Amino acid sequence: MTNLEFCIARRKAEQPATVRVLKALPPGKLDYRPDPKGRTAAELGWMLASSEAALVSLLNTGTIEWKNTPPPAKLEQIVASFERDSEAVNKRLEGLNEAAWQKKGSFLMEGAVVWEDTTEQMVWGFLFDSIHHRGQLSTYLRPMGGKVPSIYGPSADDSGQ
């Protein structure tokens, strides 16, 4: 298995767990944040979706122009955006050859380059960052009155304990 094939496999394995966490957010409590400095649940969910949209841009143009935008009002829109764009990323990755996987990409914020690396390193970096933020978001669920879904195995909420 090549590194690219392994990346695609890991993305496909992580995707359903992320959707479960997003769908577990209580819709009426998306403004929850555990600390004034923290992001709201909606903002974290939107970051997960926006990261996938950013990867679509990277794979199509070689550039990500990150813009912090407010999340949609409805949870369904966040979930739909994540599902749509993560599928688009996976399809695009499946069509890459090794040269495209090793091509340089740029990540810009407010027009300034903040990260340049290979597509490979950027896609892996985004995957690890998304796993991190999914874990962060999962810690919001119980205080919000939600249930923690299975991520890497059953949770106490799944098993009824």
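Author: Glu-110 counts as exposed, because its relative accessibility is 83%, and the cut-off for exposed is over 50%. The model is a predicted one, and the values below are computed from it. Glu-110 sits in the loop between β2 and β3. Its backbone is worth a look as well: phi is positive there, about 50 degrees, although Glu-110 is not a glycine. The turn in question belongs to the hairpin of β2 and β3, which has 2 residues between the strands.

Strand β2 covers residues 104–109 and runs antiparallel to β3, with 6 bridges joining them. Two of the residue pairs can be followed in the 3D view. Leu-108 stands opposite Val-113 in β3, and Phe-107 has Trp-115 in β3 as its bridge partner. In general, strands of a sheet pair through backbone hydrogen bonds, either parallel or antiparallel.

Both kinds of pairing occur here. The strands β1 and β2 run parallel and are joined by 4 bridges. On that side, Glu-65 has Leu-108 in β2 as its bridge partner.

Now move to a pair of helices. Two packed helices are described by the angle between their axes and the distance between the axes. For α1 (residues 3–23) and α3 (residues 75–94), the angle is about 170 degrees and the axes are 11 Å apart. That angle makes α1 roughly antiparallel to α3, since the cut-off for this term is over 145 degrees. Among the residues that meet are Leu-4, Ile-8, Arg-11 and Val-19 in α1, and Leu-75, Ile-78, Phe-82 and Glu-83 in α3. Sorted by class, this contact has 10 nonpolar, 4 polar and 6 charged residues.

Helix α3 also holds Ser-81. Is Ser-81 buried or exposed? Ser-81 is buried, because its relative accessible area is 8% and the cut-off for buried is under 20%. Leaving aside residues up to four places away in sequence, Ser-81 touches Trp-46 and Ala-49.

Gly-146 lies between α5 and α6 (156–159) and has a relative accessible area of 15%, so it counts as buried. With residues up to four places away in sequence again left out, Gly-146 touches Ala-24, Pro-26, Leu-141 and Asp-157. From Gly-146 to Gly-95 there are 51 residues in sequence and 38 Å in space, C-alpha to C-alpha.

Last, the chain as a whole. It has 6 helices and 3 strands, and from the N terminus on they run α-α-β-α-α-β-β-α-α. Of the 161 residues, 45% are buried. Among contacts between residues at least 6 apart in sequence, 68% join residues at least 24 apart. The C-alpha trace spans about 50 × 35 × 20 Å along its principal axes. A compact globule of 161 residues would have a radius of gyration near 15 Å, and the chain, with 16 Å, agrees with that.

Notes
Residues are numbered from 1 along each chain as its sequence is written. This is a predicted model: local features need pLDDT of at least 70, side-chain atom pairs count only at pLDDT 80 or more; totals for chains, interfaces and linings use all residues. Side-chain values use heavy atoms; hydrogens and water are left out. Axes are lines fitted to C-alpha atoms, for helices over the stretch in contact, and angles run from 0 to 180 degrees between N-to-C directions. Angles under 35 degrees count as roughly parallel, over 145 as roughly antiparallel, 65 to 115 as roughly perpendicular and the rest as oblique. Contact means heavy atoms within 4.5 Å. Ala, Val, Leu, Ile, Met, Phe, Trp, Tyr, Cys and Pro count as nonpolar, Asp, Glu, Lys and Arg as charged, and the others, Gly among them, as polar. Two strands pair if DSSP finds at least two bridges between them. Buried means under 20% relative accessible area, exposed over 50%, partly exposed in between (1.4 Å probe, protein chains only). The radius of gyration is taken over C-alpha atoms; the globule rule is 2.2 Å times the number of residues to the power 0.38.
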